[in-house]
Amino acid sequence: MLGPYKQHYNNFKQSPEQFWLEQAKRLPWYKKPEHAYIQDNDGLYHWFDGGQLNSSFLALDQHVIAGFGEQTALIYDSPVTNTKQTYSYLQLQQQVAKFAGVMQSLGVTKGDRVVIYMPMIPQAVIGMLACARLGAIHSVVFGGFAAHELAVRIDDAKPKLVLSASCGVEVDSIIEYKPLLDNALDLATHKVDHCVIYQREQAIAPLTPTRDINWDNAMQSAKEVAPVAVNASDPLYILYTSGTTGTPKGVVRENGGHAVAMHYSMETVYGMQPGDVFWAASDIGWVVGHSYIVYAPLMYRCTTILFEGKPVRTPDANAFWRVVEEYKVNALFSAPTAFRAIKKEDPNAEGFKQYNTSSLKRLFLAGERLDPPTYNWLKEKTNLPILDHWWQTETGWAIACNPVGIEELATKPGSSTVPTPGFDVQILNMHGEQCAPNEQGAVVIKLPLPPGCMPTIWQNTPRFKTGYLTEYPGYYLSGDGGYIDDDGYLFIMGRTDDVINVAGHRLSTGEMEEIVAAHPAVAECAVFGVTDNLKGQLPMAMIVLKNDFTGSPTDVEQELVQTVRSQIGAIACLKTIVSVERLPKTRSGKILRKNLRQLVDGDELQIPSTIDDAGIFEEINQQITQR
Ligand code: COA
Ligand code: AMP
């Protein structure tokens with residue numbers, strides 16, 4: 001007899017169309033979809049095409065209409081500014097409808113892009129939902145990115161409008177956003193019509209007449225706007241993520257599939273009920289924030305928490321447990337690195353004992369591999385179910401999880417449990433053949449991807465196809481390697497490309513390499529991720545200086561640290577740069593980055609046969625040790 005999960009999964013496998021149309025029926029569409037998915041002339045899949053809905057109506061209006069206007073929709077808790085604020089569904093709906101009015105009066109209509117470069121404040125959520133209300137496409141840029149990164153995204157998305165704030169507040173510093181924004185707008189070729197700036201008292205920004213508009217002033221005279229019906233396949237947002245090159249990829253999310261997936265996941269992946277309190281301790285600049293701070297909890301009528309703080313130092317390692325007690329949080333979702341930071345400061349989890357955390361049913365982790373020591377520590381100290389789940393910006397929701405809403409399966413340390421219904425996950429070897437159980441290979445998903453996943457890259461379908469669909473025809477290439485064990489449990493072992501994960505932030509070593517290589521003293525370089533006990537991974541660069549360079553290598557190294565910081569942002573954390581005599585390469589000239597990582601991590605070196613001079617690793621090792 002099959003267990004409930006297997007039965008459910010089989011239902012999906014037998015008829016994905018029927019399975020998802022049933023899920024879609026549970027949402028209040030303006031016009032119900034008649035078919036599950038179509039393939040367009042480019043071969044791209046779009047879910048529920050022809051159906052009409054509005055994501056802001058789903059997140060807000062439907063609950064107000066159903067009589068839940070007084071229920072708390074959003075709690076803003078900001079230890080860095082000492083602020084706490086609560087919005088009911090009705091209050092949030094009114095703010096969103098009014099801000100949609102502000103944008104409409106500035107000429108924003110369906111299909112226009114709006115870039116949002118904001119810290120973790122309610123206005124950021126209001127801006128996102130107001131775009132959805134108008135059918136405009138938002139593109140949120142994480143506040144930790146520097147001007148150059150913002151400019152690259154502005155040039156790709158070509159927004160009509162930018163929403164921003166005067167500043168962000170970090171643990172012990174105020175980050176003024178306005179100079180970064182102004183710099184980005186100067187760097188960008190695309191010109192925006194207007195910027196709406198939310199002034200925060202921690203740093204009031206000078207506004208540029210004719211271009212910049214004060215958020216609060218504009219709201220005073222704004223008229224509320226009703227939600228606009230959009231097609232299911234109209235984009236809701238673009239979210240840029242790091243690939244292997246210096247140009248980020250604009251992941252497109254469509255309204256219809258996204259809404260169905262968000263609703264389904266709240267129940268299946270997180271085991272929530274409407275009215276529960278859900279907390280994703282992440283940032284709205286990342287996919288976790290889009291899906292699980294903003295859209296999914298609100299569409300499912302949960303209370304969501306917007307936390308402007310860190311797991312530690314705001315003010316201490318008890319912050320998470322304090323918030324859980326204060327708002328009676330039922331499910332907490334964060335990245336393993338956040339708990340490693342707490343564990344470092346409070347190894348015995350005294351904070352967890354001090355606070356009343358009895359409302360908390362489960363802890364969810366994602367964003368990077370949940371290493372068994374962190375899993376075991378959390379399990380032992382909290383005695384809660386510790387649920388790892390694996391996903392990506394591209395998918396927008398969990399590809400593998402413990403499907404607690406259907407059946408709470410036993411967990412295994414190091415495994416993100418089983419494929420989520422909707423995802424046909426397989427492991428293929430380099431010849432495209434299925435791997436045996438426990439054999440490692442490329443983790444792929446059989447097409448079509450389920451609702452909610454990216455249909456393509458913004459304005460770049462060729463890149464989408466070459467990056468994700470070409471290597472294994474008929475499958476989506478996740479970029480992760482891993483295996484499935486005898487019980488059908490999935491183990492994700494890490495990226496197979498040049499993407500690294502630093503404190504749950506996805507970064508491209510390829511992009512850092514482009515910046516390092518542009519330094520006039522650098523002949524060639526390699527940037528790769530090395531293991532870090534707190535942040536999971538940290539980037540490290542090895543550089544070879546030009547023969548005619550006569551200056552100090554240390555000066556170059558320090559300059560490069562600063563350049564990467566100012567071009568990508570402080571979150572890049574490239575602090576270790578080492579000059580070496582030469583870099584190891586294959587006969588065809590490919591730099592052996594993987595071997596360099598193994599060398600620095602002290603792992604066994606798996607040197608390919610295509611290298612003539614294996615002694616180079618000993619030489620580099622000596623150069624590193626001498627430092
Ligand atoms: N705006 C501006 N700067 C930011 C920023 C933001 N939103 N977020 C981070 N930074 C800056 C930090 O201030 C820091 O700058 P510094 O070098 O001048 O000190 C730098 O970027 C590195 O930040 P971070 O990687 O966050 O390191 P940290 O030491 O400040 O904090 C952790 C370490 C583990 C506490 C923190 O990374 C964390 O909370 N991680 C969880 C991540 C997460 O939730 N990821 C989302 C996926 S679920
Ligand atoms: P992002 O797009 O920023 O969410 O990063 C996605 C990448 O993070 C994945 O491709 C994985 O490499 C990694 N990742 C996310 N969640 C997990 C997890 N639960 N286990 C292992 N790796 C993960």
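Me: How far apart do the end C-alpha atoms of residues 511–590 lie?
Reply: Happy to start there, bearing in mind that this is a predicted model. UniProt, in an unreviewed entry, places the feature "domain: AMP-binding enzyme C-terminal" at these residues. The span is 28% helix and 31% strand. Its end C-alpha atoms are separated by 17 Å.

Me: Which strands are the edge strands of the open sheet formed by 4 strands?
Reply: The order to follow is E23-E24-E25-E26, with antiparallel pairing. From one strand to the next, the twist averages 50°. An edge strand here pairs on one side only, and that picks out E23 (425–428) and E26 (490–495).

Me: What is the bridge partner of Lys446 in E25?
Reply: Let's look at the two strands involved. E24 covers residues 441–446 and E25 covers residues 475–484; they run antiparallel and are joined by 5 bridges. In E25, the residue bridged to Lys446 is Tyr475.

Me: How much of the accessible area of ligand 2 does the protein cover?
Reply: Good one to take by contacts. The side chain of Asp388 has an N or O atom 2.7 Å from a nitrogen atom of ligand 2. Oxygen atoms of ligand 2 lie 2.7 Å from a polar side-chain atom of Arg495 and 3.1 Å from one of Asn501. Of the 500 Å² that ligand 2 has on its own, the protein covers 93%.

Me: How many residues of the shell around ligand 2 are charged?
Reply: There are 14 residues around ligand 2, and those that come nearest are His389, Thr393, Asp480, Arg495 and Arg506. In the shell, 3 residues are nonpolar and 5 are polar. The charged ones number 6.

Methods. Residues numbered from 1 in each chain as written. Chains lettered and ligands numbered in written order. Predicted model: local features only at pLDDT ≥ 70, side-chain atom pairs only at ≥ 80, totals over all residues. Heavy atoms only, no water. Pairing = 2+ DSSP bridges. Axes fitted to C-alpha atoms, helices over the stretch in contact; angles between N-to-C directions. UniProt positions renumbered as here; feature names shortened; annotations may be inferred. Near = heavy atom within 4 Å. Polar contact = N/O pair within 3.5 Å; in protein donor to acceptor, adjacent residues only side chain to side chain. Areas by Shrake-Rupley, 256 points an atom, 1.4 Å probe, with all protein chains shown as cover. Nonpolar A, V, L, I, M, F, W, Y, C, P; charged D, E, K, R; others polar.
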